Amino acid sequence: MAPTPTGNRRTRVHVVSDVHGNARDLARAGEGADALICLGDLVLFLDYADHSRGIFPDLFGVQNADRIVELRTARRFEEAREFGAGLWAGIGSDRRAVIEKAVRKQYAEMFAVFPTPTYATYGNVDMPPLWPEYAGPGTTVLDGERVEIGGWVFGFVGGGLRTPMRTPYEISDEEYAAKIEAVGEVDVLCTHIPPEVPELVYDTVARRFERGSKALLEAIRRTRPRYSLFGHVHQPLVRRMRIGATECVNVGHFAGSGKPWALEW
């Protein structure tokens with residue numbers, strides 16, 4: 001990690017999102033940068049590209065992972081929930097405790113490799129109550145808050161909106177909009193989910209529209225940040241587009257690429 005910027009020296013930050021258990025590459029993500037920004041989804045519950053990876057196949061096996069991916073991809077969410085409930089019934093333990101234990105193991109590994117400084121917010125599959133236990137002094141967790149980096153103001157809003165998937169950190173549209181409002185005018189608006197624009201929310205591999213935020217889109221149009229940075233959609237139809245004066249960028253699926261997106265000014 002480069003030293004804290006001083007004087008007129010240019011500032012460089014690296015941005016990652018959708019880490020999903022890729023601690024190996026995360027350990028190198030801050031190299032050459034003044035700061036690392038993480039836009040959430042550290043947890044790997046189920047890898048849709050490799051069904052052998054994640055909490056679900058560790059508990060129930062690859063064959064069952066294949067089946068639940070098949071159901072979810074076909075948008076047969078009720079059948080997927082019933083299938084999952086049957087598997088959990090066979091565990092004979094408290095579901096939340098089993099998941100939390102697995103998540104804690106992943107968090108311990110990933111927070112340990114965050115460089116100093118790291119600025120992070122939650123994704124929709126994260127468990128925010130656990131983060132304070134793992135975030136070291138060099139990691140600042142922000143949600144509905146702002147921070148200055150190299151003379152620019154960065155605003156952070158974590159989580160996702162409610163969907164049939166029922167991932168851990170989905171919140172109401174009203175709560176999300178309130179956090180966007182609390183951030184106010186910034187140079188760079190950092191969120192986990194994209195603004196509600198069809199090209200930015202459509203996943204070309206999953207063949208479905210993910211949920212984006214209308215409140216975020218309205219804030220971009222109203223406050224005109226230099227950049228809107230986000231992740232969440234792993235294979236978007238469009239990775240980058242302008243909305244008025246704002247450059248909107250999906251920083252990429254870090255679990256798959258292992259490479260951060262760089263911003264320099």
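**Close-up views: aromatic rings and a pocket**

**View 1. Seven residues make up one aromatic cluster.** Tyr107, Phe111, Phe114, Tyr122, Trp131, Tyr134 and Tyr169 come together here as one aromatic cluster. Rings of Phe, Tyr and Trp (its six-membered ring) pair if their centres lie within 6.5 Å; planes under 30 degrees apart count as stacked, over 60 as edge-to-face and the rest as tilted. Please keep in mind that this is a predicted model, where local features need pLDDT of at least 70, side-chain atom pairs count only at pLDDT 80 or more, and totals for chains, interfaces and linings use all residues. Residues are numbered from 1 along each chain as its sequence is written, and side-chain values use heavy atoms, leaving out hydrogens and water.

**View 2. Tyrosine 227 and tryptophan 261 form an edge-to-face pair.** The structure holds 16 aromatic pairs. In this one the ring centres are 6.2 Å apart and the planes are at 65°, so the pair is edge-to-face. Tyrosine 227 lies in strand S12 (residues 227-230) and tryptophan 261 in strand S15 (residues 261-264), so the pair ties together parts that are 34 residues apart in sequence. Strands (E, at least two residues) and helices (H or I, at least four) are DSSP runs, numbered from the N terminus. Both tyrosine 227 and tryptophan 261 are buried, meaning under 20% relative accessible area with a 1.4 Å probe, protein chains only.

**View 3. Helix H5 gives the most to the lining of the second largest pocket.** Helix H5 (95-111) supplies five residues to this lining. Helix H2 (55-60) also gives two or more. Among the lining residues are Gly21, Leu44, Arg53 and Met110. A pocket is an open set of points on a 1 Å grid over the protein atoms alone, where a 1.4 Å probe fits, with protein on both sides within 12 Å along at least five of seven lines; lining residues have an atom within 4 Å of a point.

Terms used:
Buried < 20%, exposed > 50% of the residue type's maximum accessible area, 1.4 Å probe, protein only.
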